[in-house]
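Hi,

Here is the structure I said I would pass on. Could you open it and read my notes alongside?

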Amino acid sequence: MPDFRPVEENLRAAMRLFSLSGAAGESRDMPGVTLVSSGFDHAMFNSAMLTSCVPGEHGDLDRRIAIAKVFFGARGLGWSLWLCQDLLDRATRRRAGVLCGARGLRLVA
């Protein structure tokens, strides 16, 4: 299997550029998740991305989603969660849609 890490790291670096789009933009690294805010209320330009493998506990993915929900909710911004499937174990990957749905997110791809 090819190494996914360079592509995944490149995505995070590219998404961080949205934080530079305006004075209200910011980028934060939290435990297990990077949060990038453009400051504009458009989900595509405000993202949460995993930064490490999610242990077999479904609660850890939920914890990371909760961090993002609080961060973007406090700013009144729509946001999107970008999941690299290779960072999820098989059980969490299968339940990702349910876990996201419980936090008001929808799996689109």
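This is a predicted model: local features need pLDDT of at least 70, side-chain atom pairs count only at pLDDT 80 or more; totals for chains, interfaces and linings use all residues.

The core

The largest nonpolar core has 21 residues, and those touching the most other members are L35, A48, L61, I65, F72, W79 and L81. If you want to see which elements build this core, look at β2 (33–37), β3 (46–50), α2 (58–75) and α3, each of which gives two or more residues. The largest share comes from α2, with five residues.

Setting aside neighbours within four places in sequence, F72 is in contact with L35, V36 and S37, with N46, S47 and A48, and with L77 and W79.

The aromatic residues

There are three aromatic pairs in the structure. One of them is F71 with F72, an edge-to-face pair at 4.9 Å centre to centre with 90° between the planes. Another is F72 with W79, and this one is stacked: the centres are 5.5 Å apart and the planes 15°. Together, F71, F72 and W79 make one aromatic cluster.

F72 has a relative accessible area of 0%, so it counts as buried. F71 is at 6% and therefore buried, and W79, at 13%, also counts as buried.

Have a look at R75 while you are there: R75 lies over the face of F71, 3.7 Å from the ring centre.

Helix α3

This helix covers residues 90–102. Does its length agree or disagree with what 1.5 Å a residue should give? The 13 residues should span 18 Å, and the end C-alpha atoms are 19 Å apart, so the length agrees. Even so, α3 bends by about 55° at A96.

A96 is also one of the buried residues of α3, which are T92, A96, L99 and C100. In an α-helix there are 3.6 residues a turn, so residues three or four places apart point the same way. Keep that in mind when you look at T92, A96, L99 and C100, the buried residues of this helix.

Just after α3 comes G104, with a positive phi of about 85°.

That is it from me for now. Have a look whenever you get a moment.

Cheers

Notes. Residues are numbered from 1 along each chain as its sequence is written. Side-chain values use heavy atoms; hydrogens and water are left out. Helices (H or I, at least four residues) and strands (E, at least two) are DSSP runs, numbered from the N terminus. The expected span of a helix is 1.5 Å times one less than its number of residues. The bend at a residue is the angle between axes fitted to the seven residues ending there and the seven starting there. Buried means under 20% relative accessible area, exposed over 50%, partly exposed in between (1.4 Å probe, protein chains only). A nonpolar core is a set of buried Ala, Val, Leu, Ile, Met, Phe, Trp, Tyr and Cys residues joined through side-chain atoms within 4.5 Å. Contact means heavy atoms within 4.5 Å. Rings of Phe, Tyr and Trp (its six-membered ring) pair if their centres lie within 6.5 Å; planes under 30 degrees apart count as stacked, over 60 as edge-to-face and the rest as tilted. A charge sits over a ring if NZ of Lys or CZ of Arg is within 6 Å of the ring centre and within 35 degrees of the ring normal.
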